Amino acid sequence: MEMMKKPLSFLLLATVLPAWSVDTARVSGPVGTELPMGKVLAWDAQNSVFVPLDPAANDGTEIACAVLIEPVDGVASVPLIRRGATVNVDALVWPAGITAGQKAAAINQLEVRGIVTRTVL
């Protein structure tokens with residue numbers, strides 16, 4: 001059975017101003033593995049591209065700084081939540097094996113950038 005895609009409103013609860021909160025930028029993920037809407041991203045300065053958060057890294061990709069708005073497979077320019085937004089914490093997609101402490105640190109990193117997380121009732 002095919003899973004239904006969730007609408008953007010499941011993830012993005014509010015923005016200050018869509019044109020300011022959302023940027024289009026290059027995202028790189030493993031070819032053949034779709035990064036889903038809500039994937040928490042980090043900046044890979046060495047390659048000038050956003051990549052999935054890697055809490056175990058020590059090259060900057062362990063710092064959460066954006067959230068993917070639409071799925072991507074491979075490398076593509078897609079919209080990202082970068083600032084001035086409220087997102088549903090339950091819609092965020094985390095790396096496998098992330099610990100509670102790493103998740104809390106990543107949420108704090110997003111909030112420092114103006115991406116506030118909330119639980120939807």
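Before anything else I wrote down that a nonpolar core is a set of buried Ala, Val, Leu, Ile, Met, Phe, Trp, Tyr and Cys residues joined through side-chain atoms within 4.5 Å. I also noted that this is a predicted model.

**Cores.** I looked up the largest nonpolar core, which has 21 residues, and found that L11, L53, I81, L92 and W94 are the ones that touch the most other members. Strand 3 (40-44), strand 5 (64-68), strand 7 (85-88) and helix 3 (100-112) are the elements that give two or more residues to this core, and helix 3 gives the most, with 3 residues. I then followed L11, whose contacts, leaving aside residues up to four places away in sequence, include M37, V67, I81, V87 and L92, and also G38, T86 and N88. Apart from this core I found another, of 11 residues, with C65, L68, V72 and V78 among them.

**Aromatic rings.** I looked for aromatic pairs and found 1 in the structure.

**Charges over rings.** I finally checked for charges and noted that K6 lies over the face of F10, 4.8 Å from the ring centre, while the charged end of R83 sits over the ring of W20, at 5.6 Å from its centre.

Technical notes: Residues numbered from 1 in each chain as written. Predicted model: local features only at pLDDT ≥ 70, side-chain atom pairs only at ≥ 80, totals over all residues. Heavy atoms only, no water. Phe/Tyr/Trp six-rings, centres within 6.5 Å; stacked < 30°, edge-to-face > 60°. Lys NZ or Arg CZ within 6 Å of the ring centre and 35° of its normal. Buried < 20%, exposed > 50% of the residue type's maximum accessible area, 1.4 Å probe, protein only. Helix = DSSP H or I, 4+ residues; strand = E, 2+ residues; numbered from the N terminus. Contact = heavy atoms within 4.5 Å.
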